Amino acid sequence: MITLTHYLVLSAILFTLGVVGVLIRRNAIIIFMCIELMLNAVNLSFVAFAHYLNSMQGQMFVFFIMTVAAAEAAVGLAIIVAVFRNKETVNIDDINIMKW
Amino acid sequence: MEAYLFYIVAAITVVTGVYLIFEKNPVFGALYLIQTMVSIAVLYILLEAQFVAAVQIIVYAGAIMVLFLFVIMLLNLDIKEEAKNALPFQRIPAILMGIALFAVICIVIKAKLLQGKHDQYTTAYVNTVGNTKLIGNLLFTEYLLPFEITSILLFAAAIGAIMLAKRKL
């Protein structure tokens, strides 16, 4: 029998993978994909809670999170393209003019 | 049956997630992420959220990941670029911190701090009305204001993306 805990642990694993990916990778696009992975992990726990608590609120929130993710992907990728046009790289170690 | 399906799909999800964060080539990374999202859609179907599963495939695996692949194609990236990592010592602590974060989340889950009260939408009730119809009803009654604000958000995002794509920033 699959319980809520199974889904929450899976969601935690996926979220942790996303966090580790953001920390260890240097390619801005892959970092962005890891952020999408974290959003997906949270969506999974929302839907799991909605199912096990007989509620619809979780599913409704997933829609709004997906909207925010779509908007974020559009703007974020536009920023990455703009940065690449100016600096010819998407390696975040080279994009450090706002560091100090 | 349901349990086996859960374990198989969960294993695929985690393995493709691990491949994503260690993959050198961004195109393969994007393909692994697409597989992760399709597996999560299967989990949504197991959780009886059919409409969310369809939207997951259409919006995430369809629209967002195609956008990613399109940008990877536009940028024409050098795979060797990641070799000149300025912070190689960050790798091990990052993985250890990840394990610590996972432990903390597991403690919270195990302590059963995440409790909520049961609502009226049982599986039997949802199946009589229909998942999609119920979501549509809620979207245009209880969640009308967030729904309308969403349109403003998407409008702002579209304008922002167009502004950033201009030749002279």
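Predicted model: local features only at pLDDT ≥ 70, side-chain atom pairs only at ≥ 80, totals over all residues.
1. Next, the layout of chain A. The chain has three helices and zero strands, and its pattern along the sequence reads α-α-α. The C-alpha atoms fill a box of roughly 50 × 25 × 20 Å along the principal axes. The radius of gyration of chain A is 17 Å, whereas a compact globule of 100 residues would have a value near 13 Å. Of the 100 residues in chain A, 52% are buried. If one takes the contacts in chain A between residues at least 6 apart in sequence, 46% of them join residues at least 24 apart.

2. Which residues have the most contacts inside the largest nonpolar core? They are Ile29(A), Met33(A), Leu44(A), Val47(A) and Tyr44(B), in a core of 63 residues. Both chains take part: α1 (4-24), α2 (28-52) and α3 (57-87) of chain A, and α1 (2-22), α2 (26-46) and α3 (50-75) of chain B, each supply at least two residues of this core. The most comes from α2(A), which gives 15 residues.

3. Tyr44(B) deserves a separate look. Leaving out residues up to four places away in sequence, Tyr44(B) touches Val47(A) in the other chain, and also Ala49(B), Val52(B), Ala53(B) and Gln56(B). Both Tyr44(B) and Val47(A) are among the residues with the most contacts inside the core.

4. Now a pair of helices in chain B. Two packed helices are described by the angle between their axes and the distance between the axes. For α2(B) and α3(B), the angle is about 175° and the axes are 8 Å apart. Angles over 145 degrees count as roughly antiparallel, and α2(B) and α3(B) are therefore roughly antiparallel to each other. On the α2(B) side the contact includes Pro26(B), Val27(B), Ala30(B), Leu33(B) and Tyr44(B). On the α3(B) side it includes Gln50(B), Val52(B), Tyr60(B), Phe68(B) and Ile72(B). By class, the residues of this contact are 20 nonpolar, two polar and no charged.

5. Most residues other than glycine have a negative phi. Asn54(A), in contrast, has a positive phi, near 55°. This residue lies in the loop between α2 and α3 of chain A. Is Asn54(A) buried, exposed or partly exposed? Asn54(A) has 16 C-beta neighbours inside 10 Å and so counts as partly exposed.

6. The other residue is Glu88(A), where phi is again positive, near 60°, in a residue other than glycine. Glu88(A) is placed in the segment after α3 of chain A. Why does Glu88(A) count as exposed? The reason is the number of C-beta neighbours inside 10 Å, which is 10 for Glu88(A); a residue is exposed if that number is 12 or fewer.

Technical notes: Residues numbered from 1 in each chain as written. Chains lettered and ligands numbered in written order. Core = buried A, V, L, I, M, F, W, Y, C linked by C-beta atoms within 7 Å. Buried ≥ 20, exposed ≤ 12 C-beta atoms within 10 Å, placed from the backbone. Helix = DSSP H or I, 4+ residues; strand = E, 2+ residues; numbered from the N terminus. Contact = placed C-beta atoms within 7 Å. Axes fitted to C-alpha atoms, helices over the stretch in contact; angles between N-to-C directions. Parallel < 35°, antiparallel > 145°, perpendicular 65-115°, else oblique. Nonpolar A, V, L, I, M, F, W, Y, C, P; charged D, E, K, R; others polar. Rg over C-alpha atoms; globule rule 2.2 N^0.38 Å.
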